[in-house]
Amino acid sequence: MQIKLINIGFGNIVSANRIIAIVSPESAPIKRVITEARDRGMLIDATYGRRTRAVIVTDSAHVVLSAVQPETVKHRLHTKEVSAAEEEE
């Protein structure tokens, strides 16, 4: 399996293969997920002090905060998948 990396803003990169969900931080359940991850030491803040716009949940139970919109992360992930499929052909 090839490792795919995705830029989540400010030069920070996450393994696209490990992403389970990319969600908005507005709802109470997601705020609870962030708080619990912080308490467990599994929170990675990649916002550089800016407003959190996307919360990325990984299969290793890490929670990554990003300052870019969830749609932007999705677009970057989709673009990466399309270019990888074209390379295979």
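## Arg18 and its salt bridge

Arg18 has a relative accessibility of 39%, so it counts as partly exposed. In this predicted model, its side chain meets that of Asp59 in a salt bridge, with an N to O distance of 2.6 Å. Arg18 sits in the loop between strand 2 and strand 3 (19-23), while Asp59 belongs to the loop between strand 5 and strand 6 (63-66), so the pair ties together parts that are 41 residues apart in sequence. Asp59 is partly exposed as well, at 44% relative accessible area.

Glu26 is partly exposed at 48% relative accessibility. Arg51, at 52%, counts as exposed because the cut-off is over 50%.

## Thr47, a buried loop residue

Now for a threonine in a loop. Thr47 lies between strand 4 (43-46) and strand 5 (54-58), yet it is buried, with a relative accessible area of 2%. Its side chain makes a polar contact with the side chain of Asp45 at 2.6 Å. Leaving aside residues up to four places away in sequence, Thr47 touches Phe10, Thr52, Leu65, Ser66 and Ala67.

## The hairpin of strands 1 and 2

Phe10, one of those neighbours of Thr47, is found in the turn of a hairpin formed by strand 1 and strand 2, and has a positive phi of about 55 degrees. Two residues separate the strands. Strand 1 (residues 5-9) and strand 2 (residues 12-15) run antiparallel and are joined by four bridges. Gly9 stands opposite Asn12 of strand 2.

## Nonpolar cores

The largest nonpolar core has 11 residues: Ile6, Ile8, Val14, Ala16, Ile19, Ala46, Ile56, Val64, Val68, Val73 and Leu77. Strand 1 and helix 2 (70-88) each supply at least two of its residues. Another core lies apart from it, with seven residues, among them Ile30, Ile34, Val55 and Val63.

Not counting residues up to four places away in sequence, Ile6 touches Asn12, Ile13, Val14, Ala16, Ile19, Val73, Arg76 and Leu77.

How values were computed
Residues are numbered from 1 along each chain as its sequence is written. This is a predicted model: local features need pLDDT of at least 70, side-chain atom pairs count only at pLDDT 80 or more; totals for chains, interfaces and linings use all residues. Side-chain values use heavy atoms; hydrogens and water are left out. Buried means under 20% relative accessible area, exposed over 50%, partly exposed in between (1.4 Å probe, protein chains only). A polar contact is a pair of N or O atoms within 3.5 Å; within protein, one must be able to donate a hydrogen and the other to accept it, and residues adjacent in sequence count only if both atoms are side-chain atoms. Contact means heavy atoms within 4.5 Å. Two strands pair if DSSP finds at least two bridges between them. A nonpolar core is a set of buried Ala, Val, Leu, Ile, Met, Phe, Trp, Tyr and Cys residues joined through side-chain atoms within 4.5 Å. A salt bridge is a side-chain nitrogen of Lys or Arg within 4 Å of a carboxyl oxygen of Asp or Glu.
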